[in-house]
Amino acid sequence: MLKLFGGKSDHPMADIESAKALLGDMPQHDAFKTLQELSAWIGSVREQTGFRLDHQLAVLCLLDDTARPLERKLTHEYFSAHSLSAFQENRLWLVLNGYFEQLLQAYHEVLVRYRNGDKGSAAIKLALPLLATRGISAAAGKLKYAAARYALVEQVVWAYLAEFYAHAETHHYLGERVALSDGLGAHTSVRHEFATVLMWYASSAATLNRADTHLAERLIAHLGQDFAVSTQYEPAISRFAFDLQRPAPPLRVSMEIAPQPSRRYLGVHKLQERIEALAQSLQNSAVPQELDLGGVYEADALLAVLRHVAELLAYPPPKRRNVRRNISLSMNVANGFYKVMEQTNIGQNLGHDIGASCEVEDISLGGFRCIVPAPRPGEMAIGSLMGIKPENLDRWGVGIVRRISRDPMSNLHLGVEVLTNKVTGVGLRGYLADDVQPALWLHNSVDDEDDDSDEISLLMSSDTFSSSRNLQVKLADKNYLLTPLVLMAKGNDYDLARFRRIEHDPAVHDTH
């Protein structure tokens, strides 16, 4: 424990016992309101440069420990797979991001005061591992909430992360074990927290939706004991690099990149064995008890995220399937299943609204990258369905958003996987007697005469697909019976499914 020397300030937390009493009286039933209030207290305490440094750090840790159970509760709510309204998402994001913002600033200012030799500095020397570890954890929180919105991370977050690690490295306390939060979680270290947050960000940010971002962060933390930080590049071990002198998002490394003294290499040891063991457990629908997820999650959802992380941490790294080529063209886009339906032959669009426009940067056989001018928050997400129509063509295709990043002007840079360059709106029968459900028929070719496969793909509204229900559909004056094969993908507003089709006379055949 830190030895405390409260000053003569009239601040309510100038005395540690008064601070404990004040925090003990805070209501615990309203996590949102209380976390908001605790964030304000953190800001108030960090401004008290008249506090002895040991007292300031002790009160900050007390505030942090009080806030953590509330933060975990709201974090679970925010990253829940269930959809949040735009109001709920924004409300939670603001309070959680604000909490980590205040905490990061506060811990960093304690580090600055320590380096300046402020009064009480000598008394916190033994607490430096705790300070740096909690500072890195606060930076991780900022990164996580930036990733949830595909936001550009402020450069100062990377700079603080580098400062905490560099100080621990210089003063030889990288591996000292400390409790990240009183009563919550196992002991950790500066090295462990630094490696896990950067490995998570490098393998998950900009490539996963909000719920999966959280699961990836929890899985990476679970696997973190196999991560290493080194000053030397090791071909079979090193995956990413972070520069302490020029802090920025971690980059994938290779032997061709020139070494730098300030560069730290993030690597893995025997990770594949642990990933395979965890995957086997999840395939058997068993979530290990030691896997701290901050809530209850389905094994299938975890397994999908684990495979994503494993692919990006594999050696050798995954290669691009198709060659990209630079191109400049304008494309009309429609975001979401129902917006795409409006552009089809069974939608209500009479040709006046052709969707938003984006500029394509480069293209390959399977997809493209484009820039979308600052959309409204929540409009675009990883896994979103996107209708696509080059301006010089009269047909719509569809793709799925696979990568998102944001530039300083808040424009979104999207990586889109193209599913097909031509869709047709159709009506599906077979639900209720007179019920017709809208769907998108994905053509294998832009030429209808070449679209003669026995199997076809359909995009349907969310939760429409059933593996036990046959459907009827009419396309190009032909009636087909569709037998379900597999649900290929699922988004917030769509099901992508594969069917076997048989030409069919509805007057003779029964749909069931």
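Buried means a relative accessible area under 20%, exposed means over 50%, and partly exposed lies in between, computed with a 1.4 Å probe on protein chains only. The structure described here is a predicted model, in which local features need pLDDT of at least 70 and side-chain atom pairs count only at pLDDT 80 or more, while totals for chains, interfaces and linings use all residues. Residues are numbered from 1 along each chain as its sequence is written, and side-chain values use heavy atoms, with hydrogens and water left out.

**Sheet**

Helices (DSSP runs of H or I, at least four residues) and strands (DSSP runs of E, at least two) are numbered from the N terminus. Two strands pair if DSSP finds at least two bridges between them. In general, strands of a sheet pair through backbone hydrogen bonds, either parallel or antiparallel. Here, four strands form an open sheet in the order β3-β6-β4-β5, and their pairing is antiparallel. The edges are taken by β3 (227-230) and β5 (251-252); each has a single partner strand, so one side of each is left without a neighbour in the sheet. Strand β3 is joined to β6 (residues 263-268) by four bridges, and the two run antiparallel. Valine 229 has leucine 266 in β6 as its bridge partner.

**Nonpolar cores**

A nonpolar core is a set of buried Ala, Val, Leu, Ile, Met, Phe, Trp, Tyr and Cys residues joined through side-chain atoms within 4.5 Å. The largest such core has 102 residues, of which Leu63, Tyr78 and Phe194 touch the most other members. Helix α4 (residues 86-115) supplies the largest share of this core, 13 residues. A second, separate core of 18 residues includes Cys358, Phe368, Val372 and Met386.

Contact means heavy atoms within 4.5 Å. Apart from its neighbours within four places in sequence, tyrosine 78 is in contact with several residues, among them Leu84, Glu89, Trp93, Tyr145 and Arg149. Threonine 66 belongs to helix α3 (residues 53-78) and is buried, with a relative accessible area of 18%. When residues up to four places away in sequence are not counted, threonine 66 touches Leu23 and Leu38.

**Salt bridges**

Side chains of opposite charge can pair when their charged atoms come close. A salt bridge is a side-chain nitrogen of Lys or Arg within 4 Å of a carboxyl oxygen of Asp or Glu. The whole structure contains 25 salt bridges. Three of these pairs are listed below.

| Glutamate 89 | Arginine 149 | 2.9 Å |

Glutamate 89 and arginine 149 meet in a salt bridge that links distant parts of the chain, with glutamate 89 in helix α4 and arginine 149 in the loop between α5 (128-148) and α6 (155-170), 60 residues apart. Both glutamate 89 and arginine 149 are buried.

Glutamate 163 is partly exposed at 23% relative accessible area, and arginine 115 is partly exposed at 42%.

Lysine 490 lies in strand β17 (residues 478-490) and aspartate 463 in the loop between β15 (455-461) and β16 (471-475), so the pair ties together parts that are 27 residues apart in sequence. Lysine 490 is partly exposed, with a relative accessible area of 45%, whereas aspartate 463 is exposed, at 63%.
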